[in-house]
Amino acid sequence: MKAVPKVNTDGLYLEDELVDDAFSGIVPFYALSSLTLSDTNEQLDTYQPTVTNSNATDQTSQEKIPAGYTVGIPVPPGLYHPRFDIQSWLIYEAEFNQKLLEAQNVYEQRSKESQTSFQKLHDEWQSKPEKERGEEPVYSAPNFTTPERKDPTTFWGEGLSGEAIKELTQKAEQQPSEADQLKQRIADLEVTLTQLMLGNTGK
């Protein structure tokens with residue numbers, strides 16, 4: 001199992017979710033929502049063909065709508081509120097799949113040409129007298145080159161504005177560090193202990 005980020009429909013980070021180690025890609029998760037139907041003829045024909053216009057607005061239909069996405073791509077460090085660019089990812093995936101398909105077509109064409117060339121060469125070798133043949137030709141299959149993929153973590157970006165980050169960092173700077181808090185606690189304990197000792201001495 002591994003933890004992967006979940007984002008809302010705008011791509012903003014929500015929380016981590018445990019998934020199988022083999023999980024990858026971007027998968028939507030859904031929330032049931034009531035869809036109110038208007039009294040248009042088109043929607044009546046699609047959803048409630050027997051309902052009249054007078055009560056069509058009271059009819060609801062349950063349908064699944066994306067509530068966000070589970071992202072199988074780790075969040076890079078240094079982001080205050082990570083945001084995943086879902087639209088850019090979808091466009092990139094479509095373009096990459098197209099490149100992959102083109103590469104497969106080129107590979108298949110080269111394979112056919114290579115096999116045809118080898119068969120011709122082998123037939124010529126076989127047609128020669130045995131003493132003149134020499135070494136038997138060996139078929140060498142062409143290599144398939146997979147298109148290079150972009151680093152998927154580059155689709156993560158900062159979800160906060162510059163002003164929000166500035167305000168957040170200023171608040172963090174104003175708060176004492178853990179070391180300072182520990183020093184203050186020790187000082188308070190020393191004062192309390194001194195007061196107790198003085199009180200006992202006075203008795």
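This is a predicted model: local features need pLDDT of at least 70, side-chain atom pairs count only at pLDDT 80 or more; totals for chains, interfaces and linings use all residues.
Residues are numbered from 1 along each chain as its sequence is written, and side-chain values use heavy atoms, with hydrogens and water left out.

Let me begin at the N-terminal end, with helices and strands taken as DSSP runs (H or I of at least four residues for helices, E of at least two for strands) and numbered from the N terminus. Strand E1, residues 2–8, runs antiparallel to strand E2, residues 13–19, and six bridges join them; two strands are said to pair if DSSP finds at least two bridges between them. E1 and E2 form a hairpin with four residues between them, and in the turn glycine 11 has a positive phi of about 90°. Within this pairing, valine 7 stands opposite tyrosine 13 in E2.

Staying on E1, consider lysine 6, which is found in that strand. Is lysine 6 buried or exposed? Lysine 6 is buried, because its relative accessible area is 14%, where buried means under 20%, exposed over 50% and partly exposed in between, with a 1.4 Å probe and protein chains only. Setting aside neighbours within four places in sequence, lysine 6 is in contact with Leu12, Tyr13, Leu14, Glu15, Glu17, Phe29, Tyr69 and Thr70, contact meaning heavy atoms within 4.5 Å.

One of those contacts, Glu15, is also a salt-bridge partner: glutamate 15 and lysine 6 have their closest N and O atoms 3.8 Å apart. The rule here is a side-chain nitrogen of Lys or Arg within 4 Å of a carboxyl oxygen of Asp or Glu, and by that rule the count comes to two salt bridges.

Arginine 149 is partly exposed at 40% relative accessible area, whereas glutamate 93 is buried at 18%.

Another of the contacts of lysine 6, Thr70, belongs to strand E4. Threonine 70 is buried, with a relative accessible area of 8%, and its side chain makes a polar contact of 3.3 Å with that of glutamate 17. By a polar contact I mean a pair of N or O atoms within 3.5 Å, where within protein one must be able to donate a hydrogen and the other to accept it, and where residues adjacent in sequence count only if both atoms are side-chain atoms.

Which residues make up the largest nonpolar core? There are twelve in all: Val7, Ile26, Tyr69, Val71, Ile73, Phe84, Ile86, Trp89, Tyr92, Phe96, Phe155 and Trp156. Such a core is a set of buried Ala, Val, Leu, Ile, Met, Phe, Trp, Tyr and Cys residues joined through side-chain atoms within 4.5 Å. Strand E4, residues 60–71, and H2 are the elements that give two or more residues to this core, and the largest share, four residues, comes from H2. Leaving out residues up to four places away in sequence, isoleucine 26 touches Tyr69, Thr70, Val71, Gly72, Ile73, Phe84 and Trp89.

On the aromatic side, Phe84, Trp89, Tyr92, Phe96, Phe155 and Trp156 form one cluster. Rings of Phe, Tyr and Trp (its six-membered ring) pair if their centres lie within 6.5 Å, with planes under 30 degrees apart counted as stacked, over 60 as edge-to-face and the rest as tilted, and this gives nine aromatic pairs. One of them, tyrosine 107 with phenylalanine 144, is edge-to-face, 5.5 Å centre to centre with 80° between the planes. Tyrosine 107 lies in helix H2 and phenylalanine 144 in the loop between H2 and E6, so the pair ties together parts that are 37 residues apart in sequence.

That loop, between helix H2 (86–127) and strand E6 (156–158), also holds glutamate 136, whose side chain makes a polar contact of 2.9 Å with that of histidine 122.
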